[in-house]
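These are my notebook entries on one protein chain. I recorded what I looked up, in the order in which I looked.

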Amino acid sequence: NEVPFQRVEGGPNGGIAFCMDLPANATRTFKLISARETEAAEGVKVDESHPDYIEIANGLTGVRVPKVYSPLTTTPKAPIQGVRFRDGSWSPAGTPLHFKNSNNEGGVTRVDAMEVTVKENGLIRAVVEVSYLTTSPELSYGALKVRPAGPAHYTTTFTLERGQPSVLIDTETDLYSTFSLSLYGCVLPTQ
């Protein structure tokens with residue numbers, strides 16, 4: 001039986017990701033055949049048709065990330081512009097991304113560039129990266145100088161896989177930053 005697969009990043013020649021069901025204590029052998037990739041009705045979808053954001057969803061959950069826009073401000077759009085709930089509704093976009101310096105004070109001098117890259121787009125897995133390059137004042141913590149004034153970066157990578165109920169979010173930065181979004185509307189916590 002054919003199983004859905006896609007080519008993915010990783011290793012010197014890339015890799016292959018595929019989905020299949022394997023019961024406990026079972027063994028299954030697969031053979032790769034060149035010719036075509038399988039088609040699957042359900043999987044991860046990357047929708048770039050919206051004017052302000054890219055939507056990554058898998059039927060269970062999803063995330064919206066901003067498209068590149070201008071002019072950039074010192075408080076750009078947050079890397080998460082919405083989260084998809086199980087019922088198909090979406091959270092609101094939330095607050096802008098705020099960069100801070102020492103002791104939660106100050107901010108970046110300017111946001112120099114923004115880049116949004118769809119790194120993988122297949123039925124099994126989608127990976128999207130949102131990056132901001134900034135010029136920032138010195139970052140210190142008390143008397144400790146953490147980073148000198150100059151170029152700084154903020155990058156968030158989103159990975160969503162077929163059939164998974166969560167989005168992997170990985171952020172790398174040399175800035176102190178905050179943003180928030182409200183999940184209250186669909187979650188409706190009681191405590």
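This is a predicted model: local features need pLDDT of at least 70, side-chain atom pairs count only at pLDDT 80 or more; totals for chains, interfaces and linings use all residues.

**Entry 1: The chain as a whole**

I began with contacts between residues at least 6 apart in sequence, and I noted that 53% of them join residues at least 24 apart. I then looked up the secondary structure and found one helix and 14 strands. I noted that the C-alpha trace spans about 60 × 45 × 35 Å along its principal axes. Of the 191 residues in the chain, 36% are buried.

**Entry 2: Surface and charge**

For charge, I recorded 17 positive and 21 negative side chains. The centres of these two sets lie 2 Å apart.

I next searched for a nonpolar patch on the surface. Ile16, Phe18, Met20, Leu22, Phe30 and Leu32 make one of about 550 Å². I followed up one of these residues, Leu32, and placed it in the loop between strand S2 (15–18) and strand S3 (45–47). Is Leu32 buried or exposed? Its relative accessible area is 64%, so Leu32 counts as exposed, the cut-off for this class being over 50%.

**Entry 3: Salt bridges**

How many salt bridges does a search of the whole structure find? I recorded five, and I examined several of them in turn.

Asp112 pairs with Arg110, and their closest N and O atoms are 2.4 Å apart. Asp112 is partly exposed at 38% relative accessibility, and Arg110 is also partly exposed, at 46%.

Lys119 forms a salt bridge with Glu129, with 3.6 Å between the closest N and O atoms. This pair links distant parts of the chain, for Lys119 is in strand S8 (residues 110–121) and Glu129 is in strand S9 (residues 125–136), 10 residues apart. I noted a relative accessible area of 35% for Lys119, which is therefore partly exposed.

Arg125 bridges to Glu120, the closest N and O atoms being 2.8 Å apart. Arg125 has 18% and so counts as buried. Glu120 has 7% and is therefore buried as well.

**Entry 4: A network**

I found Glu120, Arg125 and Glu161 linked in a network of salt bridges.

Notes: Residues are numbered from 1 along each chain as its sequence is written. Side-chain values use heavy atoms; hydrogens and water are left out. Helices (H or I, at least four residues) and strands (E, at least two) are DSSP runs, numbered from the N terminus. Buried means under 20% relative accessible area, exposed over 50%, partly exposed in between (1.4 Å probe, protein chains only). Contact means heavy atoms within 4.5 Å. Lys and Arg count as positive and Asp and Glu as negative; His and the chain ends are not counted. The place of a charge is taken as NZ of Lys, CZ of Arg, CG of Asp or CD of Glu. Patches are made of residues with over 30% relative accessible area and no salt bridge: like charges are joined within 9 Å, nonpolar side chains (Val, Leu, Ile, Met, Phe, Trp, Tyr) within 5 Å. Accessible areas come from the Shrake-Rupley method with a 1.4 Å probe; for residues, only the protein chains shown count as cover. A salt bridge is a side-chain nitrogen of Lys or Arg within 4 Å of a carboxyl oxygen of Asp or Glu.
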